[in-house]
Amino acid sequence: MPANQPNILIIMSDEHAPMFSGPYGHPLVQTPYMDRLAEDGVTFTNAYCNSPLCMPSRMSFMTGRYIHKIGAWDNAAPLRPDAVTWAHLLRDAGYDVVLSGKQHFGGMDQLHGFRAQFARDLHAERKHGLTDWENGTPPATRPWQGLENARPGTTEEIEVDDLAETEALKYLQEPARQEQPWALNVSFIAPHFPLVVPQRFWDLYPLEEIDMPNIPDGHLENQHPVYQRMRRMFGCVDFPDELVRRARAGYYGLITYLDEKIGRLIQTLEETGQLENTVVIYTSDHGEMNGEHGMWRKSNFYEASARVPLQIMFPEHLSAGKRIDEIVSLVDLTATLVDITGTQSTTQLDGDSLIPLIQGTASDWKDFAFSEYLAHGVKRPMAMLRKGRYKYNYSLGDLPELYDIDEDPGEFRNLANQPKYQEVCNEMQAQLLAEWDPVEIEKQVRESQKARILIDHVTKGQWRNAV
């Protein structure tokens, strides 16, 4: 990397599973600008979020810390105002650090180190339901409506994303960009549901050409209990094929809609002469099940939910067309931002800079990713450790899962109960539990849930001891 401070453009989407894009091998989804990032930059093939849910994942990325260390349990648990973020660190290093679009900050502080927010954060504006593990995982009263609502059209989400793009382009075109290094985080809601996309993107994906989820016979009946409970709670029923195709067509259309925005951002950097001195990063906060394993949305550790796209382009400074298979996660991206800018972190980051991997000098890369889930859809703490070829899933009170991702990329064969894999299970469980105490974390999560529920009731005038 160069000695001077390069500009940084971070493009973050919401709910984009990488396998639904050109660089990651999908035969239908059209992503020419993600393809360009792959051709001219570096693509990480095994990158994971640190929690498969919007706000926890984003707060982990902003701080470079795991969510159990910062208390960002769920979508209604705001980041503490005294938490140091990479936005704080880069501004301290002389960067102009700004945000356009979603970063899903809860609470009063909507900047957390950014100098300004140029657009709207629709998901931060909306109130999120409070999770209460005391209620367990009750089944949904009706099927999830996301599939039935999939169609061509427009939504407030589309309008907000268009605004985020417009404001970001305006920022990049200002002459002031030549005066100091800048870091712009452009964050889009797409391809997050609702699965509604403008007509021209919908038309790219005729329903008769849409591929169907890969669900082997008998798989759902024998699925791990934690996912069977989650499917029931989220209303993931056996949807008709027609609805599945419509939903996937909407999802694919939103990915191409997002891809065009990536393209216009890159083109603007070229037109303003800034591309050669700008690190361009594309990633997402988590994935989308898109019907795989009979599930929709996220909140689990299957590849379509926990794995994310991660592409980094820096013309003339990074190897073009390089693919990196080592295991990484978003906290490593945070550490990379600190490394690129020569910033000194005031807190201990949980990730490691990706620069040695990119430059081919990492002889002892850790090759693991940790993710945890502590929100709705489950009733007790869950965590995942992806290390090398194996993925180990831990759910407090349930039997573990072990998958060989190399041999079983679809995650259909749980090896945890096979004697020949007990040593692998024991080693991975020991590593996972070394710094992650599910019993203590459960206590903290439940205390937080009770406190927030009490505050919510009192605020609404619902006193338990009223006479």
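Lysine 69 is partly exposed, with a relative accessible area of 31%; in this analysis buried means under 20% relative accessible area, exposed over 50%, and partly exposed in between (1.4 Å probe, protein chains only). The structure is a predicted model, in which local features need pLDDT of at least 70 and side-chain atom pairs count only at pLDDT 80 or more, while totals for chains, interfaces and linings use all residues. Residues are numbered from 1 along each chain as its sequence is written, and side-chain values use heavy atoms, with hydrogens and water left out.

Lysine 69 forms a salt bridge with aspartate 350, with 2.7 Å between the closest N and O atoms; a salt bridge is a side-chain nitrogen of Lys or Arg within 4 Å of a carboxyl oxygen of Asp or Glu. This pair links distant parts of the chain, for lysine 69 belongs to helix α3 (residues 67-70) and aspartate 350 to the loop between α11 (330-340) and α12 (355-359), 281 residues apart. Helices (H or I, at least four residues) and strands (E, at least two) are DSSP runs, numbered from the N terminus. Aspartate 350 is buried, its relative accessible area being 14%.

A second salt bridge joins the side chains of aspartate 352 and lysine 366 (2.9 Å, N to O). Aspartate 352 lies in the loop between α11 and α12, and lysine 366 in the loop between α12 and β12 (368-373), so this pair ties together parts that are 14 residues apart in sequence. Aspartate 352 counts as partly exposed, at 35% relative accessibility.

Within helix α1 (residues 32-40), aspartate 40 and arginine 36 lie 4 residues apart, about one turn of the helix. An α-helix has 3.6 residues a turn, so residues three or four places apart point the same way. The side chains of aspartate 40 and arginine 36 meet in a salt bridge of 3.2 Å, N to O. Aspartate 40 is partly exposed, with 30% relative accessibility. Across the whole structure, the search finds 40 salt bridges. A network of salt bridges links Asp162, Glu165, Arg200, Glu260, Lys261 and Arg264.

Helix α6 (residues 156-173) has 18 residues and should span 26 Å at 1.5 Å a residue; its end C-alpha atoms are 26 Å apart, which agrees. The expected span is 1.5 Å times one less than the number of residues. Among the buried residues of α6 are Ile158, Val160, Glu165, Leu169 and Leu172. The elements covering the buried residues of α6 include β3 (96-101), β6 (182-191) and α9 (241-271), where contact means heavy atoms within 4.5 Å.

In helix α8 (residues 225-233), the residues Val226, Tyr227, Arg229, Met230 and Arg231 are buried. Their cover includes β13 (382-387), β14 (390-395) and β15 (401-404). Just after α8, glycine 235 adopts a positive phi of about 70°.

An open sheet is formed by 4 strands in the order β12-β13-β14-β15, with antiparallel pairing; two strands pair if DSSP finds at least two bridges between them. The edge strands β12 and β15 each pair on one side only. From one strand to the next, the twist averages 15°, axes being lines fitted to C-alpha atoms, for helices over the stretch in contact, with angles running from 0 to 180 degrees between N-to-C directions. Strands β13 and β14 pair in the antiparallel sense over 6 bridges. The bridge partner of lysine 387 is tyrosine 390 in β14. Helix α13 (residues 422-434) packs on the sheet and touches β12, β13, β14 and β15, its direction making about 60° with that of β14.
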